[in-house]
Amino acid sequence: MWDQYPEIAVNLEKVEAIIENNLKSKNKPLEQLLKTLSSAGGKRLRPAFVILSAGFGKTRDDTLLTAAAGIEILHMATLVHDDIIDDAGIRRGKPTINSLYGDKMAVYTGDYLLTRAVSLLSKAVPEKRLEQIARGIKSICEAEV
């Protein structure tokens, strides 16, 4: 999808590597589940928007890519939780975590993803912006309820 935009494509490859490195766990079944989720694909629009929007500011270093990875992992967490709420069996043509392993495992997987996202974002985003992200997460939760 990003072939026409080589600079974005190169940066998205780096974001993918950051995502992969941050979806590891000492719990091997969980790690396998996370790999399955990550490999399910997606257009990676959110990290691409982070990369594009950085062109309007000063940040052009690796923290930008870390933030982009954190945003994508946050999105993955919301999808896992959304699949539970919607009792979805398929996402992107593949079985959902809740359909394969049950709602409890899916909740913990979504929560784990959420903690990984916040951890990455806390390393990459100024405290003031992190508070805005927390308010965004709160809004997502309120909207689902």
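Which residues of helix 1 are buried? I started with this question, working from a predicted model. I found Ile 8, Ala 9, Asn 11, Leu 12, Val 15, Ile 18, Ile 19 and Asn 22 to be the buried residues of helix 1.

**Entry 1: helix 1**

I then checked the length of helix 1 against expectation. With 17 residues at 1.5 Å a residue, helix 1 should span 24 Å, and its end C-alpha atoms are 24 Å apart, so the two values agree.

**Entry 2: salt bridges**

How many salt bridges does a search of the whole structure find? The search gives eight. I looked at some of the pairs one by one.

I took Glu 16 and Arg 44 to begin with. Their side chains meet in a salt bridge, at 2.4 Å from N to O. Glu 16 sits in helix 1 (residues 6-22), while Arg 44 sits in the loop between helix 2 (28-39) and helix 3 (45-54), so this pair ties together parts that are 28 residues apart in sequence. I noted the exposure of both partners. Glu 16 is partly exposed, because its relative accessible area is 28%. Arg 44 has a relative accessibility of 7% and therefore counts as buried. I also noted that Glu 16 and Arg 44 belong, with Glu 72, to a network of salt bridges.

Next I turned to Lys 35 and Glu 31. The closest N and O atoms of this salt bridge are 3.9 Å apart, which I set against the cut-off of 4 Å. Both residues are in helix 2, and because they are four residues apart there, about one helical turn separates them. Is Glu 31 buried or exposed? Its relative accessibility is 11%, so Glu 31 counts as buried. Lys 35, at 45%, counts as partly exposed.

I then looked up Lys 138 and Glu 142. They form a salt bridge whose closest N and O atoms are 3.4 Å apart. This pair lies in helix 7 (residues 127-144), and being four residues apart, Lys 138 and Glu 142 are also separated by about one helical turn. I found Lys 138 partly exposed, with a relative accessible area of 48%. Glu 142 is partly exposed, with a relative accessibility of 48%.

**Entry 3: the largest pocket**

I moved on to pockets. The largest has a volume of about 340 Å³. Which of its 16 lining residues are closest to the centre? I found Val 50, Leu 64, Ala 67, Val 125 and Arg 129 there. Helix 3, helix 4, helix 6 and helix 7 are the elements that each give two or more residues to this lining. Helix 4 supplies the largest share, four residues. Sorted by class, the lining of the largest pocket holds ten nonpolar, four polar and two charged residues.

**Entry 4: the second largest pocket**

I recorded a volume of about 230 Å³ for the second largest pocket. Its lining includes Leu 74, Ala 77, Thr 78, His 81, Asp 82 and Ile 85. I also listed Leu 114, Ile 137, Ile 140, Cys 141, Glu 144 and Val 145 among the lining residues. The elements giving two or more residues to the lining of this second largest pocket are helix 4 and helix 7. Which element gives the largest share of this lining? Helix 4 does, with six residues. By class, the lining of the second largest pocket divides into eight nonpolar, two polar and two charged residues.

I looked up Thr 63 and placed it in helix 4, which covers residues 62-86. Thr 63 is partly exposed, because its relative accessible area is 31%. I compared its position with that of Val 125. Val 125 was already in my notes as one of the residues closest to the centre of the largest pocket.

I ended with Thr 109, which has its place in helix 6. Thr 109 has a relative accessibility of 0% and so counts as buried. What does Thr 109 touch, leaving aside residues up to four places away in sequence? I found contacts with Leu 30, Leu 33, Leu 34, Leu 37 and Ile 97.

Notes
Residues are numbered from 1 along each chain as its sequence is written. This is a predicted model: local features need pLDDT of at least 70, side-chain atom pairs count only at pLDDT 80 or more; totals for chains, interfaces and linings use all residues. Side-chain values use heavy atoms; hydrogens and water are left out. Buried means under 20% relative accessible area, exposed over 50%, partly exposed in between (1.4 Å probe, protein chains only). The expected span of a helix is 1.5 Å times one less than its number of residues. On a 1 Å grid over the protein atoms alone, a cavity is a set of points where a 1.4 Å probe fits but cannot get out, and a pocket is an open set with protein on both sides within 12 Å along at least five of seven lines; lining residues have an atom within 4 Å of a point. Grid points are joined across faces, edges and corners, and a volume is the space filled by probe spheres set on the points. Ala, Val, Leu, Ile, Met, Phe, Trp, Tyr, Cys and Pro count as nonpolar, Asp, Glu, Lys and Arg as charged, and the others, Gly among them, as polar. Contact means heavy atoms within 4.5 Å.
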